[in-house]
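Here is a short report for a first look at this structure. Please keep the sequence and the 3D view at hand.

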Amino acid sequence: MKKYNFNAGPSMLPHEVVENTAKQLLDFNGSGLSLMEISHRAKDFQPVVDECVALFKDLLSIPDGYSVIFLGGGASLQFMQIPANFLIKKAAYVNSGVWAKKAMKEAKLFGEVVEVASSAASNYTFYPKNFESDVPSDVDYLHICSNNTIYGTEYRKDFDVKVPLIADMSSDIMSRPVDVSKYNAIYAGAQKNIAMAGVTVIILKDEALGKAPRELPTMIDYRTHVEKGSMFNTPPVVPVYSMLENLRWLKKHGGVEAADKRAHERAEALYAEIDRNKLFKGTVEEASRSVMNICFVMNEGYEALEKPFLDFATERGMVGIKGHRSVGGFRASCYNAQTMEGVNALIQTMRDFEAQH
């Protein structure tokens, strides 16, 4: 039976990305050594890092004056590393979900944090909006989480504010064009949309570094990694290579503009079925619906069918559609590698289950 992967992360990758990476695990670039056992200082690996940086700058049209680095630790480490490097006195945060709330908690260790907007009281069923005028002019930055994987909300454009932006784009990076010039930093755990788990990408505005009024540990200071081209310590070699293959795939398939179009096509088809099907309903306000993580639950009167539908969908080859415990129900993650075939298979599964009940 064919499997359709809707996992929220680690998530699916294009088959050719998996296949090409697997080949390098056996013999990297004809060296006779596995990608897993080569030195990160090997002459054949530096071009991998260099091409990854070049593709990032190309695909996102990153302007001059920005660096791209690859680190370990996941986006969760960046919750601390961002304020350590950028928070001078005060920072503004949008509390749009669990990960944004965790980022706020870490930032409070380094200075004052202003919560300029929140949807917590509504269990994050919408992305806060119309708060731009409430952002204090004296903050060092405004931090956002552009897509909230748990709740299925997203802000799919760049905020227009008069202070520098910093964004956690872990689950929607490379799925749309971004005006990078508005940001001091963009960070993303790669395991949702750009690589296998194990590497984190950080895009940094060079002139904003080194301003924090504190002495930073060497590994926490972004300048350490910018100056050494992500090679200060051993990078996660295999995840970086898988990212290279995925970025090549994305460029070959039209870049972020085409990815944006495909994302909307997938989401519109699935949301249309959720809205049509009498058994299901969406969990967030329509204007805030994510095109990356599509969340839905059983409609009123059909709650008892939740487990039967999960079992039915599993039998049909649907993988990873169980919703997060904070929301319940179901979550279909439709990152760049997701196909319309997969989405249509889920839609047909929903229709067939409806016909039985």
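Where does UniProt place the feature "binding site"? The unreviewed UniProt entry puts it at R41. UniProt positions follow the numbering used here, feature names are shortened, and annotations may be inferred rather than shown by experiment.

The model is predicted: local features need pLDDT of at least 70, side-chain atom pairs count only at pLDDT 80 or more, and totals for chains, interfaces and linings use all residues. Residues are numbered from 1 along each chain as its sequence is written, and side-chain values use heavy atoms, with hydrogens and water left out.

**Around R41**

R41 sits in the loop between α1 (15-26) and α2 (46-59). Helices (H or I, at least four residues) and strands (E, at least two) are DSSP runs, numbered from the N terminus. R41 is exposed, with a relative accessible area of 54%. Exposed means over 50%, buried under 20%, and partly exposed in between (1.4 Å probe, protein chains only). Leaving aside residues up to four places away in sequence, R41 touches M231 and F232. Contact means heavy atoms within 4.5 Å. The side chains of R41 and H40 are joined by a polar contact of 3.2 Å. Such a contact is a pair of N or O atoms within 3.5 Å; within protein, one must be able to donate a hydrogen and the other to accept it, and residues adjacent in sequence count only if both atoms are side-chain atoms.

**The sheet**

Seven strands form an open, mixed sheet in the order β2-β10-β9-β8-β5-β3-β4. β2 (66-71) and β4 (112-118) stand at the edges with a single partner strand each, so one side of each has no neighbour in the sheet. Neighbouring strands are turned by 20 degrees against each other on average, direction ignored. Two strands pair if DSSP finds at least two bridges between them.

| Pair | Sense | Bridges | Opposite residues |
|---|---|---|---|
| β5 (142-145) and β8 (165-168) | parallel | four | L142 and L165 |
| β8 and β9 | parallel | four | L165 and Y183 |

Both faces of β8 are covered. L165 and A167 on one side, and I166 and D168 on the other, are all buried.

Helix α4 (residues 98-107) lies across β3 (90-95), β4, β5, β8 and β9 (183-189). It runs at about 160 degrees to β3. Axes are lines fitted to C-alpha atoms, for helices over the stretch in contact, and angles run from 0 to 180 degrees between N-to-C directions.

Helix α9 (residues 340-356) has 17 residues. Its buried residues include G342, V343, L346 and F353.

Note on methods: Expected span 1.5 Å × (residues − 1).
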